[in-house]
Every structure is written in structure tokens, then in C-alpha cells.
Amino acid sequence: MIWFHTHSFILNSLSSLADDNDTTITFDDASGGVAHLMFRVNDLIRLDNEVCRITSIVDTDDDGAYTPAHFIVDRAVHGTTKADHTNNTDIRFPFFNAYH
């Protein structure tokens, strides 16, 4: 079992992720267009109790502004389970200890 420390810093929120089979996460950019600077490929993010690994950060309009933008992710990493997430689910960094 993985226990998560809940942190109050909300990075962004989802604007779309329909079901547990989706690997594209479109997010609301509350950062004023700098969200792509807050995240890197291979970063872990937490959506509710699911941890995902970012495999790509895409400038949706391909205009260099990254508004809008979306992630391509590997779902359910570090022993978590794929889950459906609703619009405006907070995107956070996970905080946990991993024992192998």
C-alpha cells in the first residue's frame, strides 16, 4: 500500500480525462502559460490517488505558447491503480516513500 502525503500546492487542474484508458491529459493552465516549465518528461504527477509518469508535454496549438497544452502519460505507476478522473481534478506531485 502506498500512503500519500497531501500537499496544499495545486499545480494545475484537469480539463479533460474521460476514463481510465486515456493517456492524454489536457490541463487548465492556471500558471499563465508557464506550466510546461513546471513539469518535465519523466516527472511523476498525482491525480487523486493515481500516480502517472509524464512521457511527453505537447503544445496543443503548436504555437510555442503552451496554452493550451497536454501531457501524454503512463498510467498507474508505483503500485497505484488506473481510475476515472473528473474535470478539475487537481494535478499534484506525489509524495511517498518507495520500497523495492
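**Aromatic pairs, strand pairing and core of a predicted model**

A search of the whole structure finds 2 aromatic pairs. Rings of Phe, Tyr and Trp (its six-membered ring) are taken to pair if their centres lie within 6.5 Å, with planes under 30 degrees apart counted as stacked, over 60 as edge-to-face and the rest as tilted. The structure is a predicted model, in which local features need pLDDT of at least 70 and side-chain atom pairs count only at pLDDT 80 or more, while totals for chains, interfaces and linings use all residues. Residues are numbered from 1 along each chain as its sequence is written, and side-chain values use heavy atoms, with hydrogens and water left out.

Because Phe39 lies in the loop between H1 and E3 and Phe93 in the segment after E6, the pair ties together parts that are 54 residues apart in sequence. Through these ring pairs, Phe39, Phe71 and Phe93 are linked into a cluster. Phe39 and Phe71 are both buried, where buried means under 20% relative accessible area, exposed over 50%, and partly exposed in between (1.4 Å probe, protein chains only). The relative accessible area is 0% for Phe39, whereas Phe93 is partly exposed at 29%.

The protein has 1 helix and 6 strands, in the order β-β-α-β-β-β-β along the sequence. Helices (H or I, at least four residues) and strands (E, at least two) are DSSP runs, numbered from the N terminus. Two strands are said to pair if DSSP finds at least two bridges between them. Strand E3 (residues 44-47) pairs with E4 in the antiparallel sense over 4 bridges, and Ile45 has Cys52 of E4 as its bridge partner. The two strands form a hairpin with 2 residues between them, and Asp48 in the turn has a positive phi of about 55 degrees. E3 also pairs with E6 in the antiparallel sense, over 2 bridges; here the bridge partner of Leu47 is Ile91 in E6. Both faces of E3 are covered, with Leu44 and Arg46 buried on one side and Ile45 and Leu47 buried on the other. E4 is paired in turn with strand E5 (residues 69-74), in the antiparallel sense and over 6 bridges. In this pairing Arg53 stands opposite Asp74 in E5.

The largest nonpolar core has 13 residues, and those with the most contacts inside it are Phe39, Ile45, Ile54, Phe71, Val73 and Ile91. Strand E2 (24-28), E3, E4 and E5 each supply at least two residues of this core. A nonpolar core is a set of buried Ala, Val, Leu, Ile, Met, Phe, Trp, Tyr and Cys residues joined through side-chain atoms within 4.5 Å. Buried residues make up 34% of the 100 residues in the protein.

His85 is found in the loop between E5 and strand E6 (90-92) and is buried, with a relative accessible area of 5%. The side chains of His85 and Glu50 are joined by a polar contact of 2.7 Å. The side chain of His85 also reaches the backbone oxygen of Ala83 at 3.3 Å. A polar contact is a pair of N or O atoms within 3.5 Å; within protein, one must be able to donate a hydrogen and the other to accept it, and residues adjacent in sequence count only if both atoms are side-chain atoms.

The mean pLDDT (the predictor's confidence in each residue, from 0 to 100) of the protein is 78, and 73% of its residues reach 70 or more. Among the elements, strand E4 (residues 50-59) has the highest mean pLDDT (93) and strand E1 (residues 12-16) the lowest (63). Over residues 1-9 pLDDT stays under 50, and the model has 22 contacts beyond four places in sequence for these residues. Where pLDDT is low, the predicted coordinates should not be read in detail.

Notes:
Contact means heavy atoms within 4.5 Å.
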